[in-house]
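Please have the sequence and the structure at hand while reading.

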Amino acid sequence: MLDESAPPWDATLGVEEEFLIADPVRLEPVAAVPDILHTLEGRAVAADLKPELLASQVEAATGVCGTLAALRAQLAQSRQVLAEAAEVHGAVVLSTGFAPDSPDGAVHEVSAGERYQKVGDLYQAVATDYSACGCHVHVGIDDRETAVAVVNHLRPWLPTLLALSANSPFAGGRDTGYASWRAVTQCRFPGFGVPPWFADLAAYEEALARRSDLGITVDSRMTFWCARPSEHVPTVEVRVADALATVDETVLQAGLVRALVVRAQLDLKAGREAPPGDPFVAEAAMWSAARYGLDGPGVDPLSECRVPAGQLVDDLLAHVEDALTETGDRDEVFDLVAAVRSAGNGARRQRDAARAGGVRRAADLVTLRAEPGDTDGW
């Protein structure tokens with residue numbers, strides 16, 4: 001469904017949020033998604049609620065939105081109804097990048113469906129132990145050739161988006177030492193991270209086909225890169241972020257991604273192509289973002305130097321400020337970035353809570369509530 005308030009530049013957007021269904025006492029994933037979705041049958045929900053890879057994971061995919069306000073409303077509603085339905089079945093919904101207290105090496109049930117079963121068969125324990133959830137942002141681009149060129153421009157900024165969103169410091173009931181353990185576990189899949197630079201759509205599609213032919217993906221639609229032209233809708237899809245604790249942070253991620261896409265299109269129109277960059281530096285930047293989040297050093301893929309993570313955020317805002325003004329999102333996005341810097345990203349806030357009350361207190365910060373209003377704010 002198309003939001004009638006879509007802006008004239010037509011940079012529409014949508015978000016897919018993945019959530020973990022867990023036991024409220026043990027905080028372990030539980031395979032309750034089929035029951036929860038059955039409870040919600042017939043409920044009027046703007047987002048499309050559906051299973052994910054594991055039967056303990058659920059995805060809420062918003063409709064196509066023209067404004068951050070429209071997106072915010074859909075995000076808040078989907079979180080609310082999922083929390084209510086989970087409560088009916090004695091479960092809670094966690095919006096975090098990784099299960100905080102799932103036993104190491106646990107085997108979780110793969111969701112029904114031919115494609116999910118193929119993924120489980122191919123990746124085995126890498127899939128069945130994958131209690132990870134992310135946030136995917138889609139920005140509308142009809143032309144796939146343009147989408148490939150846009151993704152080239154996004155590549156240097158993906159690590160900073162990860163650092164801002166990092167929200168999974170705990171796994172197996174312990175602090176992993178990483179801000180995003182989800183990103184670390186995703187590295188077990190072939191090709192996770194910053195995508196390669198591609199000269200054109202033909203080169204991109206050839207790479208997808210080759211990976212499938214070599215047997216490392218289920219089919220040529222599959223890739224674990226953190227940005228790509230979507231394979232099922234006419235968008236650029238950025239999927240670098242952890243599942244975020246609050247609606248505010250998800251809106252922030254969406255606003256930044258849309259601004260990056262708009263800025264990329266302006267650069268392309270002006271004849272400015274994206275530099276290929278050094279793949280090793282891109283890998284180092286992603287690792288540093290997963291390790292430290294905003295609380296330590298980062299790696300700048302453009303200067304190829306180690307710099308404070310805060311400087312990378314400043315550089316990102318400077319890069320997209322004109323695009324944010326164009327989309328009408330500048331003030332909101334700048335305010336949301338300031339809030340994250342003040343309170344900390346999800347990883348820091350979880351750690352702060354854990355110092356006072358252990359992993360359970362940290363999990364409280366990322367548990368969706370059924371009461372109105374509790375899914376937003378800090």
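## Terms and model

In sorting residues by class, Ala, Val, Leu, Ile, Met, Phe, Trp, Tyr, Cys and Pro count as nonpolar, Asp, Glu, Lys and Arg count as charged, and the others, Gly among them, count as polar. The model described here is predicted.

## The chain as a whole

The protein chain contains 13 helices and 11 strands. Along its principal axes, the C-alpha trace of the protein chain spans about 55 × 45 × 45 Å. A compact globule of 378 residues would have a radius of gyration near 21 Å, and the 19 Å of the protein chain agrees with that.

## The largest pocket

The volume of the largest pocket is about 840 Å³. Its lining is made up of 30 residues, and those closest to the centre of the pocket are Glu18, Glu52, His136, Arg228 and Arg239. Two or more lining residues come from each of strand 1 (13–22), strand 2 (48–51), strand 3 (57–61), helix 3 (114–123), strand 5 (134–140), helix 7 (181–186) and strand 9 (235–242).

Helix 3 gives the most to this lining, with three residues. By class, the lining of the largest pocket holds 12 nonpolar, six polar and 12 charged residues.

## The second largest pocket

The second largest pocket has about 420 Å³ of space. It is lined by 23 residues, of which Thr12, Val64, His138, Gly140 and Thr235 are the closest to its centre. Strand 1, strand 2 and strand 5 are the elements that give two or more residues to the lining of the second largest pocket.

Which element supplies the largest share of the lining of the second largest pocket? It is strand 1, with four residues. Sorted by class, the lining of the second largest pocket has nine nonpolar, nine polar and five charged residues.

## The cavities

Rolling a probe the size of a water molecule over the atoms shows where empty space is left. Searching the whole structure gives three cavities of 30 Å³ or more. The largest cavity has a volume of about 70 Å³. Its lining consists of Pro159, Thr160, Ala163, Ala285, Ser288, Ala289, Gly293, Pro297, Gly298, Val299, Ala309 and Leu312. Helix 6 (158–165), helix 10 (279–292), strand 10 (297–300) and helix 11 (309–327) give two or more residues each to the lining of the largest cavity. Eight of the lining residues of the largest cavity are nonpolar and four are polar, with no charged residues.

The second largest cavity holds about 40 Å³ of space. Val148, Val151, Asn152, Pro195, Phe198, Tyr204, Trp225, Ala227, Arg228 and Pro229 line the second largest cavity. The lining of the second largest cavity divides into eight nonpolar residues, one polar and one charged. Arg228 is in this lining, and Arg228 is also one of the residues closest to the centre of the largest pocket.

## Helix 6 against helix 11

Is the crossing of helix 6 and helix 11 left-handed or right-handed? The crossing is left-handed.

On the side of helix 6, the contact is made by Thr160, Leu161 and Leu164, and on the side of helix 11 by Leu312, Val313 and Leu316. The contact of helix 6 with helix 11 has five nonpolar residues, one polar residue and no charged residues. Thr160 and Leu312 take part in this contact, and Thr160 and Leu312 also line the largest cavity.

How values were computed. Residues numbered from 1 in each chain as written. Predicted model: local features only at pLDDT ≥ 70, side-chain atom pairs only at ≥ 80, totals over all residues. Heavy atoms only, no water. 1 Å grid on protein atoms, 1.4 Å probe; cavity = no way out; pocket = protein on both sides within 12 Å on 5 of 7 lines; lining within 4 Å. Points joined across faces, edges and corners; volume = space filled by probe spheres on them. Left-handed = near helix turned anticlockwise from the far one by under 90°. Contact = heavy atoms within 4.5 Å. Rg over C-alpha atoms; globule rule 2.2 N^0.38 Å.
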